[in-house]
Amino acid sequence: MTRAPTFDEIFATMSAASVGDAAARVAVPDDPQLDDLATRFAIAVNVLLDDLALRSAELEAAHKVTQTELERQVAERTLELANVNQELEAFSYSVAHDLRAPLRSLDGFSQALLEDYADKLDAEGKRYLRHIRESAQQMARLIDALLTLSRVTRSELHREPVDMTALARSVVARLQRDAPERRAEFVISDGLVANGDARLLGVILENLLGNAWKFTGKRPVARIEFGVREEDSRRAYFVRDNGAGFDMAYADKLFGVFQRLHSAAEFEGTGIGLATVQRIVRRLGGRVWANGEVGRGATFHFTLEEGR
Amino acid sequence: MIDEKVILLVEDNPKDEELTLRALRKNNIRNEIVVARDGAEALDYLFARGAHAGRDPGALPAVVLLDLKLPKISGLEVLRRARAEERTKLLPVVILTSSNEERDLLEGYSSGCNSYVRKPVDFNQFAEAVRQLGLYWLALNEGPPPTGRT
């Protein structure tokens, strides 16, 4: 290039650079006439474009480093998570074996005393032994409930269409069969199908329907409903009962682990069932909530992320 | 005939051993009960070697009540080795354990157990389970014919 650049050439270069041509520069003579305005402007534009190219390269390099670093962190966390899960698996497995054996001894030898030394014990002594047995059995139920809770997080999800109507009917059939003397009315909507993990959905219904059954235990006729409603354009399943209900003031405690709103004297329980339901529902992408009134029953609602 | 049948109880926990024996006694099951306290002892008994070298190897128990968590050699390993030998491959084995973890059930049945019974904490239920096991395996069930070299 021997002549001075023109302003048209300068604007053309700036245009080209602005649409992504990183190499676009204004052609300037080797011995530029620095008293020519166009020449001075062209040189300035070239400097700016060089600067821009440098900054872009630096940014890209920095971005690559961050990207690699993030990927490394993700890989590290994934490995940590896999390790934690494995430890949890081993821990739960130990619990299954090691915690139950001593409980069996407590229960078994208390019973042995009651049977083999009945004549040497007065009524009070026998009552103490029965307390020991009941406590051992309660602890066994707690262990089982905690293991179920831990399985919720550990297990793999298998999504499929699940006949909730049939599931609910089989749960209530078993409840009625185990307590044939109880009078109950079950209202279960037909044709309810959910998309989710069949086993986990079963645990939800076992817990919610089981609770409804338990807390209607003092009613002459229990009434338990299972159905679905539209709630903010999402389907919400519900289990409603006419049982003991609960005080809404303590509603936020319902789903805590080991939290109970009734004393053991009123209704037995582990205080883990609803925590399990909440964990499952969250894992399945939904939420669970409840409303109730003391003495007038309760309704538990849950939504699921049913996906495509 | 029933009374000649031997039960091999493989159990490392002495309290569980005592409770099981008591439950069998209470249910009038008076058969000889041999107790092995770890996996190695169980195999020594089944193969008539080690501490049990003087035993007739052809005389097998009518049923083995097998705990899974054992010292030295695990219950599942005992089962696998028993199944790998001609003489003991048809031996009735009932896994009797605290665990109801799915993987134990799967491994137990895959390794060839005949039955899997969970030991309940409630002693009455436990005694009832032992009673049913005794009655079934000693009285009702027809054991396999002898196999292998005698």
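## Polar and charged pairing

Between chain A and chain B there are 14 residue pairs in polar contact, both residues being at pLDDT 80 or more; a polar contact is a pair of N or O atoms within 3.5 Å, where within protein one must be able to donate a hydrogen and the other to accept it, and residues adjacent in sequence count only if both atoms are side-chain atoms. On the chain A side that touches chain B, the elements giving two or more residues are α2 (37-116) and α3 (123-154) of chain A, and α2(A) gives the most, with 17 residues.

The residues on this side of chain A comprise nine nonpolar, five polar and eleven charged, where Ala, Val, Leu, Ile, Met, Phe, Trp, Tyr, Cys and Pro count as nonpolar, Asp, Glu, Lys and Arg as charged, and the others, Gly among them, as polar. Nine salt bridges are counted between chain A and chain B, each being a side-chain nitrogen of Lys or Arg within 4 Å of a carboxyl oxygen of Asp or Glu; one of the salt bridges joins the side chains of Arg118(B) and Asp144(A), at 3.2 Å from N to O.

## Basis of the model

This is a predicted model, in which local features need pLDDT of at least 70 and side-chain atom pairs count only at pLDDT 80 or more, whereas totals for chains, interfaces and linings use all residues. Residues are numbered from 1 along each chain as its sequence is written, chains are lettered from A and ligands numbered from 1 in the order in which they are written, and side-chain values use heavy atoms, with hydrogens and water left out.

## Extent of the interface

In chain A, 25 residues are in contact with 24 residues of chain B, contact meaning heavy atoms within 4.5 Å. The area buried between chain A and chain B is about 2,200 Å², with carbon and sulfur atoms giving 47% of it; buried area is the accessible area (1.4 Å probe) that two parts lose on being put together, summed over both. Tyr93(A), His97(A) and Arg104(A) supply 33% of the area that chain A buries against chain B, more than any other three residues.

Methods
Helix = DSSP H or I, 4+ residues; strand = E, 2+ residues; numbered from the N terminus.
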